[in-house]
Amino acid sequence: MLGPPQQRAVLAVLLLRGGRAAGVGELVDGVWGHTPPSGAVPMLRTYVSRLRKLLEPTRPAGAPPRLVVSVGDGYALRTEEITSDLGVFEESLARAERRRAAGDSRGAARMLGSALAAWQGPALGGVPGPFARAERTRLAERRLGAQEYRLRVELELGRHEAVLPELKALRDAQPLREAVCELLLVALYRCGRRAEALEIYARTRRTLVDELGVEPGPSLRAAHARLLTGDPDLSPPPVPVPAAASVTAAGEAGPDADRADDRDGADPARARGDVHPSQLPADLALFTGREAELGLVEALLPAADPPDKAVIGLINGMAGAGKTTLAVHWAHRAAHRFPDGSLYVNLRGYTQGGSVMHPSEALETFLVALGVAPQAVPEGLDAQAALYRSVLARRRVLIVLDNARDTEQIRPLLPGTPGCLVIVTSRSRLTGLVAGHGAHPLTLGPLTGDEARAMLTRRVGRARVEAEPRATDAIVELCARLPLALAIVAARAAHHPGFRLADIAGELRENHGSLDAFTGGDARTDVRAVFSWSYHALPRPAAELFRRLSLHPGPDIGTAAAAALAAEPARTVRARLSELTGASLLGEHAPGRYAFHDLLRAYAGELADAEDGTEGRAAALLRLHDHYLHTTHNASATIGPLRETLPLPSSTTDSGPLRFTGRKQAMNWLRAERHVLRAVVEQATAHGHEDHAWRTAVGLDLYFDRLGFWHDLMEINSAALRAARAVGDRTGEAHALRGLGFFHTRFAHSAEARRDLGRALELFRAEGDAFGEARTRRCLAYQANGEGRFAVSLDHYAHARELYRSEGSTSSEAIVLNEVGWTYILLGEHDKALEHCEKAVALHQEIGDPIGEAAAQDSVGYAHHQLGQYGAAVERFERAVTLYREIGDHYLEADTLRHAGDAHLAAGDRETAVAAFRRALALLEETGHPEAPDLRETLRGLGESGRG
């Protein structure tokens with residue numbers, strides 16, 4: 001009913017996102033993993049389209065989808081209108097918890113039993129993909145947790161004999177699960193089988209020690225101790241009476257009587273019910289922006305009723321992002337929903353001096369605030385946490401845990417029953433809190449441009465901002481939209497109302513690259529000091545990597561390049577990168593791609609200058625440029641294995657260059673590193689690695705040209721030319737000039753192209769570089785063809801062919817034959833074109849070169865088209881498309897599909913032509929190729945929408 005397995009995998013991702021959007025990349029990774037098939041994105045969009053039809057079969061044509069909606073570059077499923085087995089299961093668990101909290105344990109047990117009975121087989125059975133695998137594990141754990149919860153409730157009802165067989169079977173299936181063992185001990189004891197219970201404990205302990213190397217946890221050890229002493233608490237409890245009764249089944253008075261007991265000097269450890277702490281710090285009067293983030297966090301609470309489960313919101317992010325400000329603002333907006341008060345503590349996870357607060361200190365503060373007499377607060381963390389949970393039971397309290405260091409610091413401070421809201425802030429991601437306690441994470445980044453301008457406006461006045469809009473924008477960008485930096489600069493402007501904002505922006509520019517301009521009046525308003533608290537909390541190896549990363553010139557960095565900088569194995573560096581992202585000193589904006597915030601990069605650079613010697617920094621840069629040079633040429637050789645190569649000097653460093661198993665992997669690397677490689681060539685030119693600069697540029701021309709990155713190649717070859725001329729390297733100068741000349745041709749800069757290509761030809765001939773001369777002549781021929789000088793073009797091709805023959809390069813000779821054939825097509829001599837292109841096809845087939853064959857087949861098809869032989873043309877185009885698809889060259893596949901579309905159109909088959917154009921457009925749009933708009937216009941001219 002729901003289609004093929006991958007389509008069901010798409011639905012599973014959307015469903016389990018709970019209404020939140022999933023980007024195209026996340027969906028592709030979830031369905032196929034990190035090595036998706038060619039055309040995964042178009043396939044994904046097809047699956048989404050089919051799901052829309054399945055889920056909304058009666059939706060009128062043209063009406064927007066109501067359930068699977070487009071959000072940004074991805075999709076979201078409106079789960080509030082979808083009923084799923086998992087949703088029913090979760091709702092049943094929540095209702096059972098509410099019944100148990102109200103004292104109706106019998107009803108809770110029945111509801112839990114029904115929910116578990118409805119669970120048939122493993123979750124997401126038959127659904128493929130890494131997302132489904134991970135969710136199967138998570139949901140199996142969820143089901144097991146619900147089973148344990150039901151058994152615990154059954155024991156509360158005195159049904160120990162009834163559940164004993166199930167507990168024994170569950171313990172045999174899960175011998176390492178301590179909670180199951182603890183329940184089994186209690187059931188055996190109540191059945192009069194104390195010796196058997198002790199043996200079960202001993203066996204479990206041996207298993208834990210032998211297999212995991214750990215002792216049982218405190219809860220299981222406590223149960224064992226109670227067994228040994230025959231603790232009366234292990235006896236079957238009386239059946240509870242619903243909470244509506246004025247006296248509980250255990251003999252405790254209801255809430256009103258509790259207060260009377262306190263007044264009469266009853267148990268001093270019981271909190272007074274009339275205490276309503278209000279500990280929130282003052283809300284920031286000038287709070288601005290963050291509306292999107294506030295919408296996300298406020299959505300965690302139900303619209304009207306109190307939360308029926310523990311709600312934990314986690315706000316994490318880099319220092320200075322405004323986490324505490326947002327948390328306090330949200331807490332004030334939500335405080336009216338929690339009539340029993342609010343608690344706040346600064347856990348000092350990242351503060352000057354490193355005096356991290358112990359959870360016991362926070363618990364003692366909270367317990368006293370909740371009405372527990374100071375002398376009644378017990379000793380020991382476990383006892384304090386147990387009393388804290390008891391005091392919070394049936395209360396609705398808002399709890400802000402600010403500036404947390406790690407999950408272990410947080411865990412004892414969490415309520416044990418529904419009704420409370422916990423807001424946590426941390427520079428750490430606190431993965432354990434998310435995975436183990438269901439916290440909802442929100443990573444706080446810089447402000448948007450509009451939010452940053454609004455913040456300045458509120459702090460310095462609308463008149464000053466409106467009077468100098470350009471200076472305002474400059475301040476926003478120079479502060480990198482970081483709230484702390486903006487606040488410091490705004491404070492300076494507010495203290496000096498006579499200063500022009502343009503002058504303040506000028507001060508920032510003078511200090512750009514350092515943090516001198518962002519020093520406030522104390523450590524909390526000094527960006528450098530605030531960053532330092534995170535930095536000094538790092539282990540030494542992670543701190544060293546943090547400094548090394550500042551040497552990287554690109555907008556982001558991959559793991560392999562980071563490993564080259566650090567001179568460490570990638571596996572080791574990956575763990576250190578995780579430490580940096582966990583501390584919010586680095587961001588992972590895509591899997592395996594890491595980036596600095598601008599001000600953190602400046603801070604890391606200052607540290608590198610201060611703490612790392614000149615020689616160490618130079619050695620790291622050399623490793624980095626070795627890595628990019630050799631990896632670039634490995635990628636180029638993988639994409640064009642029979643293309644002439646540039647000899648490279650051996651690497652003198654352990655730079656760990658990447659090697660690629662196929663064209664797709666090589667092209668993905670080049671696409672991911674596009675902007676980095678441009679910056680790397682510029683840096684190599686500026687910092688004395690001139691040989692790396694021009695040789696890296698040579699390795700980029702084939703792939704970057706295919707994707708239409710022509711502006712990049714102009715900048716890259718310009719830098720390469722400066723580098724080669726700086727050291728008098730005539731071969732490097734010739735390669736850079738050839739590259740510049742060819743890309744001038746792409747932009748129709750005829751005079752510049754002839755100048756640069758002519759000089760490159762002179763240099764290659766002077767150096768005796770036959771391959772360089774041949775490639776330059778092919779570039780000159782290409783330019784001559786564009787200008788209609790076909791005789792000149794054929795002469796250059798003839799020289800190039802002879803040069804390749806002299807070097808024994810059959811593949812390159814075959815490429816020239818195909819280019820000669822294309823020249824004859826331009827001349828209108830289609831029979832000569834077929835003769836040369838068929839020879840090229842035969843040569844490429846002879847040497848096993850599918851790339852060259854595909855290009856030649858395309859040319860043969862084009863010649864047939866010009867002769868009016870449309871059937872023969874389409875046959876050759878289809879052969880070329882098949883080869884390009886097998887190779888994984890999406891651009892040339894799209895180019896041939898366009899030729900096929902033209903042939904179908906000429907033959908009068910408009911429908912097939914449009915289909916070919918659409919397939920080509922989808923491929924061009926996938927890579928952001930500059931030719932996509934032209935093809936979109938072609939489709940519009942045919943009366944189509946122009947959408948791929």
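Threonine T776 is found in helix α35, which covers residues 770-786, where helices (H or I, at least four residues) and strands (E, at least two) are DSSP runs numbered from the N terminus. T776 is buried, with a relative accessible area of 0%; here buried means under 20% relative accessible area, exposed means over 50%, and partly exposed is in between, using a 1.4 Å probe and protein chains only. Leaving aside its neighbours within four places in sequence, T776 is in contact with R738, L757, A760, L761 and F764, contact being defined as heavy atoms within 4.5 Å.

The model is predicted, and for that reason local features need pLDDT of at least 70 and side-chain atom pairs count only at pLDDT 80 or more, whereas totals for chains, interfaces and linings use all residues. Residues are numbered from 1 along each chain as its sequence is written, and side-chain values use heavy atoms, with hydrogens and water left out.

**The chain as a whole**

The protein chain holds 43 helices and 11 strands, and its C-alpha trace spans about 110 × 70 × 55 Å along its principal axes. Of the 948 residues in the protein chain, buried residues make up 50%. Among contacts between residues at least 6 apart in sequence, 66% join residues at least 24 apart.

**Nonpolar cores**

In soluble globular proteins, nonpolar side chains tend to be buried together. A nonpolar core is a set of buried Ala, Val, Leu, Ile, Met, Phe, Trp, Tyr and Cys residues joined through side-chain atoms within 4.5 Å. The largest nonpolar core has 123 residues, of which F546 and L549 touch the most other members. Its largest share, 9 residues, comes from helix α32, residues 710-726. Not counting residues up to four places away in sequence, F546 touches Y535, L538, L580, L585, F596, L600, Y603, A604 and L607. Apart from this core lies another, of 33 residues, with L343, V345, L387 and A439 among them.

**Packed helices**

Two packed helices are described by the angle between their axes and the distance between the axes. The axes are lines fitted to C-alpha atoms, for helices over the stretch in contact, and the angles run from 0 to 180 degrees between N-to-C directions.

| Helix pair | Axis angle | Axis distance |
|---|---|---|
| α39 (residues 850-866) and α40 (residues 870-887) | about 160 degrees | 8 Å |
| α5 (residues 105-117) and α6 (residues 130-156) | roughly 150 degrees | within 9 Å |
| α7 and α8 (residues 178-190) | roughly 145 degrees | within 9 Å |

Helix α5 is roughly antiparallel to α6, in a scheme where angles under 35 degrees count as roughly parallel, over 145 as roughly antiparallel, 65 to 115 as roughly perpendicular and the rest as oblique. By class, the contact of α5 with α6 has 6 nonpolar, 3 polar and 4 charged residues, where Ala, Val, Leu, Ile, Met, Phe, Trp, Tyr, Cys and Pro count as nonpolar, Asp, Glu, Lys and Arg as charged, and the others, Gly among them, as polar.

Residue L157 lies in the loop between α6 and α7 (160-173), and L157 is buried, with a relative accessible area of 7%. The C-alpha atoms of L157 and S105 are separated by 7.1 Å, although these residues are 52 apart along the chain.

Helix α7 passes α8 in a left-handed crossing, and the residues of their contact divide into 8 nonpolar, 1 polar and 3 charged.

Helices α39 and α40 are likewise roughly antiparallel to each other, and their crossing is left-handed. The contact of α39 with α40 has 14 nonpolar, 4 polar and 4 charged residues.

**Two residues with positive phi**

Most residues other than glycine have a negative phi, and most peptide bonds are trans. R348, in the loop between β5 (342-346) and α14 (359-369), has a positive phi of about 55 degrees although it is not a glycine, and R348 is partly exposed, with a relative accessible area of 23%. N403, placed in strand β6, residues 398-404, has a positive phi of about 60 degrees and is not a glycine either, while N403 is buried, with a relative accessible area of 13%.

Technical notes. Left-handed = near helix turned anticlockwise from the far one by under 90°.
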